[in-house]
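Here's a quick tour of one protein model, written for someone meeting it for the first time. Keep the 3D view open and click along as you read.

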Amino acid sequence: MGPDDRAPGHLDLPAHAPAAAELARAAARTAGDLLAPPTPVRLGDVVPAPELVAPDPAADFVLTAESAVRVSADDAVRAVGEQLAALLRPATGFPLPVADATRPEPAGGIALALVDAADLGAEGYRLDVAPDGVRIEAATPAGLFFGAQTLRQLLPAAIESPTPVAERWTLPGGSITDRPRFAYRGAMLDVARHFFGVPDVLRVIDHLARYKLNHLHLHLTDDQGWRIAVDSWPRLATVGGAFEVGDGPGGHYTRDDYRRIVAYAAQRHITVVPEIDLPGHTHAALTAYGELAPDRVAPAPYTGAEVGFSYVDPASERTYEFVADVLGEIAALTPGPWLHIGGDEAFKVLPDAYAAFVERVQRIVADTGKTVVGWHQIAPAGHADGRVLQWWGTTGEDPVTADAVRRGARLILSPGNHAYLDMKYAPDTPIGHDWAGLIDVRRAYDWDPAAHVAGVPADAVLGVEAPLWTESVTSRAEVEFMFFPRLPAIAELGWSPRAAHDWAGFRDRLAGHGPRWSTAGIAFHPAPEVPWPAEQPAPAASPATIPTQRGPEGASAPSA
Ligand code: TNX
């Protein structure tokens with residue numbers, strides 16, 4: 001059971017967070033109103049849209065108190081079976097035992113099997129729903145996990161309830177064959193501008209998993225805070241982590257906190273991408289170690305929201321010792337292949353010094369055995385084996401990035417005017433930015449990652465990522481308000497075949513997720529362009545009511 005398996009009714013919110021508590025209670029009421037009557041789910045009602053859907057209306061399956069989950073005797077498959085059963089038990093109240101079988105057959109329940117199916121790739125799955133049972137097949141445990149997420153969406157919205165609901169648990173009959181379009185499908189959480197504790201991050205991981213995203217990029221350092229303990233430079237976290245935007249207390253992850261985040265993500269087939277932003281966005285590091293500053297003087301902490309003023313001295317050898325120590329420790333703590341070095345908005349470092357700095361840091365990353373990722377500002381630097389640029393431009397014309405791609409770089413697409421989840425939805429959105437424009441759900445959805453940057457061919461596109469910068473985002477509810485419903489839009493761009501791209505169809509499928517989010521206690525923006533079900537009362541998270549205070553950490557500490 002993970003953090004998002006708990007509903008607000010179960011939260012123990014202290015009195016000093018009235019706005020959050022109010023929001024949670026309103027969401028719970030909304031959920032109650034939504035449970036009857038259930039809207040029938042169709043086999044194609046899945047976000048992101050599956051590659052192939054073949055409904056068979058005569059083949060519905062009903063999950064009952066007698067159903068079991070059958071898995072092949074393999075630890076990784078059993079783990080997916082246990083996760084699926086844990087998702088389905090609270091609302092159904094069914095025991096759903098997980099049983100080993102050499103050749104798992106549905107036999108009135110759900111069977112999970114690894115099969116030799118090259119066509120499904122590393123993350124694809126096949127899901128068959130028939131009257132005598134449900135079967136999910138995949139070539140990998142990740143594929144089974146994504147199949148389980150689809151199964152969850154095919155049950156009535158009440159499946160999101162944390163407590164038993166009297167419901168007929170019908171799954172629509174037919175079969176789905178599905179696999180992702182892009183290998184990299186991510187979201188970024190900026191934990192530097194405002195710090196988010198481990199329970200909040202685990203809950204974000206659950207949100208990613210629902211929509212088959214497979215990378216969580218953590219923006220761990222910035223001017224306002226350094227958020228990860230580094231043994232060789234301890235003051236980075238203890239001094240550099242003690243502030244955030246505004247007057248909040250900041251905070252940082254211990255090495256064990258970070259390991260816990262990484263492990264929780266891995267159980268959900270999500271890779272953590274840690275970012276140490278260099279050479280700019282380093283004011284917090286300078287407050288901890290003045291020796292890194294160009295004038296060798298440690299500045300006072302910065303709690304504003306400007307960018308581009310800070311940098312570590314690229315002419316000092318001490319800087320490279322610092323970079324090697326930090327990246328070495330982060331690499332050792334991180335099982336995934338990526339190390340993100342930032343590189344954005346170092347306005348005060350001259351171009352030649354900047355390129356030389358990036359090239360040297362790219363070599364340091366290579367020495368750790370990881371593959372370097374950087375914001376697309378690192379494009380002018382020389383190529384490094386496998387390097388990936390994260391593109392956040394707003395025009396689709398970027399000859400410098402296109403040239404880096406010709407020299408071998410691959411691209412993660414995060415166009416500021418489509419994928420930036422810190423942009424406001426509309427002029428009256430109470431939090432967020434608008435420098436890249438307003439991003440309503442349609443704008444988040446209507447673009448093609450494979451054909452977005454001129455001169456960058458589709459095969460150079462590794463995937464998509466939706467970043468959430470948090471200068472004005474201060475609480476879990478606010479994170480969710482900015483995520484939903486745009487995160488599913490970006491997830492669909494990353495997963496679904498281009499042939500499935502269809503705003504009208506997406507909007508209709510997405511609408512069915514409102515009741516799911518309400519039932520699960522997830523705050524969201526009731527975007528006017530989405531036809532939310534008629535029985536949906538004005539959701540709790542209308543712009544006027546989202547809490548502006550930070551909720552208490554651990555308010556819904558996960559049991560995992
Ligand atoms: C630009 S996008 C930044 C961030 C800000 C963001 C606000 C990028 C790589 N850098 O430092 O938080 O704008 O939207």
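V239 is partly exposed, because its relative accessible area of 27% falls between the 20% and 50% cut-offs. Bear in mind that what you're looking at is a predicted model.

**V239 and its surroundings**

- You'll find V239 in the loop between α5 (235-238) and α6 (255-267).
- Setting aside residues up to four places away in sequence, V239 touches T287 and A288.
- Along the chain, V239 and T287 are 48 residues apart, yet their C-alpha atoms are separated by 7.2 Å.

**Two residues with a positive phi**

- H269 isn't a glycine, but it has a positive phi of about 60 degrees.
- Look for H269 in the loop between α6 and β14.
- Is H269 buried, exposed or partly exposed? With a relative accessible area of 24%, H269 is partly exposed, because that value lies between 20% and 50%.
- R296 is another residue other than glycine with a positive phi, here near 60 degrees.
- R296 sits in the loop between α7 and α8.
- The relative accessibility of R296 is 44%, so R296 counts as partly exposed too.

**Two cis peptide bonds**

- L278 and P279 are joined by a cis peptide bond, with omega at about -15 degrees.
- Another cis peptide bond links F484 to P485, and its omega is about 10 degrees.
- P485 is found in the loop between α13 (476-483) and α14 (486-495).

**The nonpolar cores**

- Some background first: in soluble globular proteins, nonpolar side chains tend to be buried together.
- In this model, the largest nonpolar core has 158 residues.
- Which members of this core touch the most other members? They are L112, L151, L218, W226 and F322.
- Helix α8 (residues 317-333) gives this core its largest share, which is eight residues.
- Zoom in on L218 and skip its neighbours within four places in sequence: L218 is in contact with L189, V191, V201, Y258, I261, V272, V273, P274 and E275.
- There's also a second, separate core of seven residues, and W338, V373, V388 and L462 are among them.

**Around the ligand**

- How many residues are around the ligand? There are 14, and R193, Y420, D422, W435 and E471 come nearest.
- By type, the residues of this shell split into seven nonpolar, two polar and five charged.
- R193 has a polar side-chain atom 2.8 Å from an oxygen atom of the ligand.
- For D422, a polar side-chain atom lies 2.6 Å from an oxygen atom of the ligand.
- E471 also places a polar side-chain atom 2.6 Å from a ligand oxygen atom.
- How much of the ligand does the protein bury? Taken alone, the ligand exposes 360 Å², and the protein buries 97% of that.

Note on methods
Residues are numbered from 1 along each chain as its sequence is written. This is a predicted model: local features need pLDDT of at least 70, side-chain atom pairs count only at pLDDT 80 or more; totals for chains, interfaces and linings use all residues. Side-chain values use heavy atoms; hydrogens and water are left out. A nonpolar core is a set of buried Ala, Val, Leu, Ile, Met, Phe, Trp, Tyr and Cys residues joined through side-chain atoms within 4.5 Å. Buried means under 20% relative accessible area, exposed over 50%, partly exposed in between (1.4 Å probe, protein chains only). Helices (H or I, at least four residues) and strands (E, at least two) are DSSP runs, numbered from the N terminus. Contact means heavy atoms within 4.5 Å. A residue is near a molecule or strand if one of its heavy atoms lies within 4 Å of it. A polar contact is a pair of N or O atoms within 3.5 Å; within protein, one must be able to donate a hydrogen and the other to accept it, and residues adjacent in sequence count only if both atoms are side-chain atoms. Accessible areas come from the Shrake-Rupley method with a 1.4 Å probe; for residues, only the protein chains shown count as cover. Ala, Val, Leu, Ile, Met, Phe, Trp, Tyr, Cys and Pro count as nonpolar, Asp, Glu, Lys and Arg as charged, and the others, Gly among them, as polar.
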